[in-house]
Amino acid sequence: MSVLTRRHLLRRAALSASAGPVAGLSTSTAAATVTGGTLAGCDAGPEADDERRTAPDAQLGLRFPDGFGWGAATSAYQIEGAAKDDGRGESVWDTFSHTPGRTRGGDTGDVAADHYHRYVEDLDLMKELGLRTYRFSISWPRIQADGTGAPNQRGLDFYRRLVDGLHDRGIVPMATLFHWDLPQSLQNTGGWESRDVPYRFADYAEAVFEALGDAVPVWLTINEPKTVVQNGYLHGHHAPGLRDPDAAYLVAHHLQLAHGLAVRALRATGSGSRIGPALNLHPCYPADDAPGVAEATRLYDGYENRLYLDSIFKGAYPADVLADLGPDSRMVRGIRDGDLKIISSPIDLLAVQYYTPIYVTADSGMARKWPTSEADWQQIFPDGMYDTLTRVTRDYGDVPLTVTENGLPTPDRLDGNGTVDDVGRIAFLRDHLAAAHRAISDGVPLESYHVWSLMDNFEWNEGYEQRWGLIYVDFPTQRRVPKRSAHWYRRVIADNTV
């Protein structure tokens with residue numbers, strides 16, 4: 001890898017890697033402007049104009065297909081707590097969060113939202129919301145403390161109770177196998193830089209498949225491999241906290257390999273469950289029409305989106321990205337015969353996570369075109385949802401899609417009446433759901449949508465500063481309070497209409 005490429009990758013990571021999840025794609029929408037705090041300059045159609053003239057919690061009259069899956073999402077390390085209970089081992093996030101200076105305020109996920117002990121209460125809240133589907137993750141170190149060997153029955157029993165509780169309440173489980181909590185013991189032997197770890201992941205996946213079986217009808221393999229690459233190995237503000245471009249893209253390949261091996265492991269069980277990856281996709285747009293911008297945007301899109309989509313759907317990595325990395329990069333040298341055939345093992349659905357667009361400049365920088373949320377990496381651009389969903393269908397075929405994360409943090413506080421008036425979250429969700437509805441109307445096979453997130457949680461290196469949930473968590477007491485957005489979302493689900 002050349003010094004120039006290394007410098008560009010580190011700069012790109014500093015610009016695009018986020019404190020939380022990220023996502024998007026395409027170049028179909030004209031660059032937009034911000035005028036007087038309102039959104040302007042985007043060819044979004046009459047529906048979008050109507051949305052902006054409508055009170056945030058007023059219905060737009062957009063009815064979703066019968067049977068549409070309305071859900072919410074969480075991840076294990078962010079909500080479970082119980083970090084040392086019932087045989088759970090240490091993960092890279094335990095190590096990272098306990099390292100001084102790594103997280104805001106020194107916060108850790110030791111207790112988080114204490115979901116491990118309060119899951120019955122949380123299941124009842126899901127039922128009250130009317131959720132039809134719930135996307136959660138399984139903690140690898142809760143199943144295998146050191147990432148290998150016989151599974152921990154107490155860990156498996158917890159997830160069996162959770163899955164049974166979902167079925168009892170008429171909620172469809174959607175389980176993610178890996179949401180960033182790699183067992184620390186595996187990190188000590190090389191982590192995702194080691195070619196052995198994808199095979200250990202396949203062993204872990206097989207144990208979970210055998211324990212939970214068809215009780216989980218939808219499995220997701222790897223959550224946001226790009227975030228692990230960018231935030232964990234380029235920018236260094238996520239576990240394991242490295243800044244090493246050579247390692248980063250070898251990690252990208254091994255994460256993809258782990259995905260493919262998990263798909264094959266499920267097929268080998270004869271299960272009737274469905275499986276696919278969860279990818280955060282950023283729509284990449286030219287920031288302007290200066291010379292070189294279109295080319296820079298194309299390459300940016302390669303690193304942000306095609307590196308993960310092409311390998312899964314086309315069985316090949318993008319040639320422009322491989323050329324940019326160079327023949328001596330650890331990733332290029334690490335690809336072995338048969339790897340891409342494994343990675344492109346047929347999937348049943350693709351989970352899409354959308355948060356923000358990227359506007360690319362000629363020097364591969366990033367421009368701000370839209371207002372941001374409390375997460376300053378997140379530009380609020382609902383039409384990016386439409387562009388993301390339609391681009392996947394246009395470029396990769398009619399694979400069924402589910403949105404497994406979409407949301408934003410807002411400055412939530414309990415008021416004197418003990419409620420949380422998060423009207424900004426309602427407006428965000430409404431506008432993004434309207435964009436998803438437009439994509440469905442244009443032929444995108446979108447099956448379900450999951451708000452990020454069900455409840456306030458440990459937001460990675462941001463600790464407990466940012467609140468993303470429909471449900472407010474008072475962390476000192478662990479009291480749960482549905483926010484105004486939760487009541488709004490309950491009505492959306494009940495009416496199947498935004």
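Is Arg 484 buried, partly exposed or exposed, and what is its relative accessible area? In this predicted model, Arg 484 is partly exposed, with a relative accessible area of 30%.

- The side chain of Arg 484 meets that of Asp 421 in a salt bridge, with an N to O distance of 2.7 Å.
- Because Arg 484 lies in helix α18 (residues 484-495) while Asp 421 sits in the loop between β12 (401-405) and α17 (423-441), the pair ties together parts that are 63 residues apart in sequence.
- Asp 421 is likewise partly exposed, its relative accessible area being 48%.

**The pair Arg 330 and Glu 193**
- A salt bridge joins the side chains of Arg 330 and Glu 193, at 2.9 Å from N to O.
- This pair links distant parts of the chain, 137 residues apart, with Arg 330 in helix α14 (residues 330-334) and Glu 193 in the loop between α8 (184-188) and α9 (196-212).
- Arg 330 counts as partly exposed at 27% relative accessibility, and Glu 193 is partly exposed with a relative accessible area of 23%.

- Asp 395 forms a salt bridge with Arg 394, in which the closest N and O atoms are 3.2 Å apart.
- Arg 394 counts as exposed at 53% relative accessibility, whereas Asp 395 is partly exposed at 33%.
- Through salt bridges that share partners, Asp 301, Arg 306, Asp 320, Arg 391, Arg 394 and Asp 395 are joined into one network.

Key. Residues numbered from 1 in each chain as written. Predicted model: local features only at pLDDT ≥ 70, side-chain atom pairs only at ≥ 80, totals over all residues. Heavy atoms only, no water. Salt bridge = Lys/Arg side-chain N within 4 Å of Asp/Glu carboxyl O. Helix = DSSP H or I, 4+ residues; strand = E, 2+ residues; numbered from the N terminus. Buried < 20%, exposed > 50% of the residue type's maximum accessible area, 1.4 Å probe, protein only.
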